[in-house]
Amino acid sequence: NISGQNRVAIFDKKGGPVSVKDVPIQRDLKRGEALVRVIYSGVCHTDLHAMLGDWPLDNKLPLVGGHEGAGVVVALGEGADQYVKVGDRVGIKWIATSCLNCSFCRIGAEPNCPNAQCSGFSVDGSFQKYAVSYANHLSIIPDELPLDEAAPILCAGVTVYKALKEANLTPGQWVAIPGAGGGLGHLAVQYAVYAGYRVIAIDTGSDKKALCEKLGAERFIDFKTSKNLVDDIKAATPDGFGPQAAVVAASGAAAYEQALDYIRPRGVLVAVGLPGQADIKANVFFTVFRSVRVVGSYVGNRQDAQEALDIAATGKVKTTYKTLGLSQLPQVYDDMQSGKIAGRIVLDIDQ
Ligand code: 8ID
Ligand code: ZN
């Protein structure tokens with residue numbers, strides 16, 4: 001039963017403010033669209049970048065953000081029933097749709113599809129009670145996984161799961177994770193441990209240290225108090241040569257500055273965090289001499305999302321989160337900007 005009004009968190013211009021209001025529900029679904037009753041949504045730092053407008057890409061305005069939406073399908077447009085049914089528990093992720101037919105989609109590089117749409121960026125996202133999305137990219141949430149626990153897997157989880165695949169490690173190898181105490185990072189620690197990798201967590205403060213250690217990081221290095229980050233990270237590996245990979249999951253540019261120096265020869269820097277203005281400076285001589293690689297990793301495809309959810313459904317990777325109401329989104333953005341959030345915030349869309 002679709003009744004009542006829609007409730008949305010929306011902003012009209014760069015920098016906000018974000019306001020929560022009631023608007024009519026959109027029921028005229030186009031071909032391939034699905035109407036999802038969103039119950040919970042995670043808040044990703046990407047939502048904050050979009051609200052602040054600090055990326056070199058423009059989002060739609062006004063915008064309803066959110067791309068870690070977990071809910072239930074309540075109505076389908078024509079042709080959408082080949083992907084999902086009314087009543088299915090589904091996830092709205094960052095990639096809202098892609099053409100599924102270009103040379104990128106055909107090899108499973110759906111995020112690189114030139115016609116991809118992004119939830120909470122180029123189309124309205126999950127910070128609303130009723131979200132119109134695209135059936136072809138909805139994720140099916142496993143029965144054993146509660147919707148609130150599933151929400152952060154839809155961006156943070158799938159992104160770091162995919163980034164670790166890109167690092168191409170084998171069990172027993174070491175990965176440094178700058179940003180390890182944040183939304184993406186704390187899940188990266190867990191997917192890494194799940195895969196048999198050894199984790200050096202890098203972040204700041206006692207809350208994030210405790211969180212990372214609880215989740216299985218063998219070392220925690222505080223980037224604000226370390227006197228020599230490169231030496232400290234290298235010293236954390238038994239032979240002193242440093243980790244085989246760095247998966248940079250921090251939202252700030254500084255986290256990239258020394259990563260090429262502390263990974264070991266033949267290591268890989270996987271770029272995940274998205275500071276709007278930043279460069280990775282790679283000295284040519286030492287890139288060759290040390291034979292290091294730099295790889296960008298952008299969310300994941302439909303299968304990556306399904307795999308990340310399936311692992312979370314085993315309970316071996318679990319989001320650490322606090323639940324707040326949709327109406328508290330402005331406060332969440334403030335806290336995120338000042339680095340106060342360890343793990344994730346999940347919004348109850350009805351509160
Ligand atoms: O597909 C992608 N590549 C993708 C997908 C989703 C999100 C990329 N992202 C991007 C976001 O846009 C954002 O830029 O990843 C970044 C992290 O998102 P998040 O995990 O949602 O942010 P957070 O919860 O605020 O955590 C960031 C952590 O980084 C730490 C902070 O202390 C915080 O715990 N951090 C910072 I800022 N600077 C650091 C540094 N120099 C650092 N940790 C270590 N070293
Ligand atoms: Zn995200």
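Reply: The buried residues of α1 are His45, Thr46, Asp47, Ala50 and Met51, where buried means that 20 or more other C-beta atoms lie within 10 Å of the residue's own, exposed means 12 or fewer, and partly exposed means in between, with C-beta atoms placed from the backbone. The model is predicted, so local features need pLDDT of at least 70 and side-chain atom pairs count only at pLDDT 80 or more, while totals for chains, interfaces and linings use all residues. Residues are numbered from 1 along each chain as its sequence is written, and chains are lettered from A and ligands numbered from 1 in the order in which they are written.

Helix α1 covers residues 45–52; helices (H or I, at least four residues) and strands (E, at least two) are DSSP runs, numbered from the N terminus. The buried residues of α1 pack against β1 (6–11), β4 (63–64), α4 and α11. After α1 comes glycine 53, with a positive phi near 70 degrees.

On the α1 side the contact is made by His45, Leu48 and Met51, and on the α11 side by Tyr333, Met336 and Gln337; two residues are in contact if their C-beta atoms, placed from the backbone, lie within 7 Å. This contact of α1 with α11 has four nonpolar, two polar and no charged residues. In these classes Ala, Val, Leu, Ile, Met, Phe, Trp, Tyr, Cys and Pro count as nonpolar, Asp, Glu, Lys and Arg as charged, and the others, Gly among them, as polar.

The shell has 34 residues, of which His45, Gly179, Gly182, Leu184 and Ser251 come nearest; a residue is near a molecule or strand if its C-beta atom, placed from the backbone, lies within 6 Å of it. By class, 17 residues of the shell are nonpolar, 15 are polar and two are charged. Each of domain 1 (6–155 + 300–348) and domain 2 (157–296) gives at least three residues to the shell; the domain bounds come from an automatic or database domain assignment.

Next come the two domains themselves. Their centres, taken over C-alpha atoms, are separated by 26 Å. In domain 1, 26 residues are in contact with 18 residues of domain 2. On the side of domain 1 that touches domain 2, α1 and α10 (302–313) each supply at least two residues. The largest share, six residues, comes from α10. That side of domain 1 divides into 13 nonpolar, seven polar and six charged residues.

Helix α10 also packs with α3, at an angle of about 105 degrees and with the axes 9 Å apart. That makes α3 roughly perpendicular to α10. Gly157, Val158, Tyr161 and Lys162 of α3 make the contact with Asp304, Ala305, Glu307, Ala308 and Ala312 of α10. The residues there are five nonpolar, one polar and three charged.

Some backbone details remain. Most residues other than glycine have a negative phi, and most peptide bonds are trans. In the loop between α1 and β4 lies proline 62, which a cis peptide bond joins to leucine 61, with omega about -10 degrees. Another cis peptide bond joins glycine 16 and proline 17, with omega about 10 degrees; proline 17 lies in the loop between β1 and β2 (19–23). Asparagine 168, in the loop between α3 and β11 (174–178), has a positive phi near 55 degrees. Asparagine 168 counts as partly exposed, with 13 C-beta neighbours inside 10 Å.

Key: Axes are lines fitted to C-alpha atoms, for helices over the stretch in contact, and angles run from 0 to 180 degrees between N-to-C directions. Angles under 35 degrees count as roughly parallel, over 145 as roughly antiparallel, 65 to 115 as roughly perpendicular and the rest as oblique.
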